[in-house]
Amino acid sequence: MTTAIAYASGKPHIGNSYECVLADAIARFKRQEGYEVFFQTGTDEHGQKIELKAQEAGVSPKQYVDEVAARIQSIWDLMNCSYDKFIRTTDADHEKQVQKIFRKLYDKGDIYKGSYEGLYCTPCESFWTESQLVDGKCPECGREVKPAKEEAYFFQMSKYADRLIAHIEAHPEFIQPVSRKNEMMNNFLKPGLQDLCVSRTSFDWGIPVDFDDRHVVYVWLDALSNYITGIGYDCDGASSDQFAKNWPADLHLIGKDIIRFHTIYWPIFLMALDLPLPKQIFGHPWLLQGDGKMSKSKGNVLYADELADFFGVDAVRYFVLHEMPFDNDGVISWELLVERINSDLANTLGNLVNRTVSMSNKYFGGIVEATGVTEEVDADLKEVVTTTAGKVTEKMEQLRVADAITEIFHLFKRCNKYIDETTPWILAKDEATKPRLSEVLYNLVESITIGATLLQSFMPDTAKKIFEQLNTKEIAFEQLSEFGNYISGTKVTEKPEILFARLDMNEVMERVNALYPSAEDAPEQTDEQKEAEPVIDIEAKDEITFDDFGKMQFQVGEVIACKAVEKSKKLLCSQVKIGSQVKQIVSGIRKYYTPEEMVGKKVMVLVNLKPAKLAGVLSEGMLLCAENEAGELSLVVPEKPMPAGAEIC
């Protein structure tokens, strides 16, 4: 499995780091299940943007990328990412193979020489036509584009387009989530592919085309090839045993912004090389700063190392993994981090472990012993605990990592409830109930051990600390559905360590303000940074009572199918799963969402609205949207993962 390789133009922010942490969690879990895993990551180090940044810094491009690549790798290491290979596209063996790949494709006739004229975006390293621009700017990043013309080599993409379409249709699991697949099929493949520019002459920092030294290999053919060169692919047929063993990749994990390059360009390059395609490409959503545009003076440019210094590595890992929905963008801010650490890590998990170890020491000198004195409430606890591994495994198979972590914390919450139900402090008052108390504490320790075993893929250091406090080790994966693995008579640690201390919001924000300069002390902002977030005032409606509000039923729904209403240019007809039922809802949002974009979205629904026909189509509810002063609509979606049917109150 692989991540996308990080572009070595500067220090990666937390959104970039999230991808490697996500991949690490998947890799660790697969190893725990018993798979042999080879996890590859690295850096993409060529291109015009890096050449320009090196010039600005007064160093050679190689010196520049050496420093940045080392910084990226140090952050991956800090975040406890257990990669097996860190590849750099300046590695000599990679560069050699890219030259051989380019020549092979040229000799086959897939690459030909021509010239390119268009509008070029340097940050994205992409050419665009006038019609592709958005408000005259790059459709990918929104930055300025400049006219450019140069001789270039091109790859004949259309030659393989039908074959790729057939592959995608025959392998529905190939591109995930399904919304990304629909986007690629409908917006790029089916309308027809243009030939792709695969060399440049306007800059020098790249891998030279060995038979035409005026050209360097363009970034995507260079960068994408890392997935095979990193495991020993040789274009002349002398590939390594490792390549034979590990290719095709089981999973390419990438950001949704580069899904096109990985699901169209890369598979076509592989087809041209007569190599099998990767089994699955997952385009994860983005992690967004909570208060809009990035600005140092606002303190919202977040970096993994700075966050880890504030909160600890595992707290940051937990947040980015748990708060990122499967198919919608996640939000991160200092305030949200503090809230989640206090509620989930300090209260739910940390307090549970501390109370359990402390009670074991207080009542039994630290000895945890099963006595067999059971009550009915034990059965429900054991049912939750022994079924959690199966639920987590199912979620991880679907790459629903946030949902998998939620299942683990359901286990910990059930343990806290069990303490309230069994009242150990009352049992301790009577010698006659001491055997029951011992059984209760054994059940808690066993449950926590199972939970910690499942938690270690996501929070490895925390799981290790829990095992140390309970004087035990992880449970074999195949035994996680059994209750009673903890050795009766084991003695827990005498002095439990606080896993996560509660944080004071004011103290944290004081540290944040000290780390980031105030607006007065910061460098002068650009016009874009000075631009204030707009607000809208609307005419107030009559007051309502709580009873009025209580008449309306709002629930979370999941769009499972969507199509345009034929008789209307404005309407979409969605099939929305709400609990165990499916409602048909017609919404005037066609201008802002395609049917393909709708599928898989979690939305907020007014469920008990009286059914009505719109353009002759029955609508059984209403999707909630926000509207700006220009009349543009945006669906209101849950901030964090919620099941279809969850009540909005």
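The structure is a predicted model, in which local features need pLDDT of at least 70 and side-chain atom pairs count only at pLDDT 80 or more, while totals for chains, interfaces and linings use all residues. Residues are numbered from 1 along each chain as its sequence is written, and side-chain values use heavy atoms, with hydrogens and water left out.

**Exercise 1. Describe how helix 6 and helix 10 pack, and state which residues make the contact.**

Step 1. Helices are DSSP runs of H or I with at least four residues, strands are runs of E with at least two, and both are numbered from the N terminus. Helix 6 covers residues 178–189 and helix 10 covers residues 259–272, and the two pack at an angle of about 65 degrees with their axes 11 Å apart. The axes are lines fitted to C-alpha atoms, for helices over the stretch in contact, and angles run from 0 to 180 degrees between N-to-C directions.

Step 2. Helix 6 and helix 10 are therefore roughly perpendicular to each other.

Step 3. Contact means heavy atoms within 4.5 Å. On helix 6 the contributing residues are R180, M184, F188 and L189, and on helix 10 they are I259, R260, T263 and I264.

**Exercise 2. Determine whether Q456 is buried or exposed, and find the partner of its side chain in a polar contact.**

Step 1. Q456 sits in the loop between helix 17 (434–455) and helix 18 (460–470).

Step 2. Buried means under 20% relative accessible area, exposed over 50%, and partly exposed in between, with a 1.4 Å probe and protein chains only. Because its relative accessible area is 15%, Q456 is buried.

Step 3. A polar contact is a pair of N or O atoms within 3.5 Å; within protein, one must be able to donate a hydrogen and the other to accept it, and residues adjacent in sequence count only if both atoms are side-chain atoms. The side chain of Q456 makes such a contact with the side chain of E474, at 2.8 Å.

**Exercise 3. Work out how far helix 11 is covered, and by what.**

Step 1. Helix 11 (residues 304–311) is mostly covered, since six of its eight residues are buried, namely A304, E306, L307, A308, F310 and F311.

Step 2. The elements covering these buried residues include helix 1 (14–33), helix 13 (334–364) and strand 15 (330–332).

Step 3. Just after helix 11, G312 takes a positive phi of about 95 degrees.

Key:
Angles under 35 degrees count as roughly parallel, over 145 as roughly antiparallel, 65 to 115 as roughly perpendicular and the rest as oblique.
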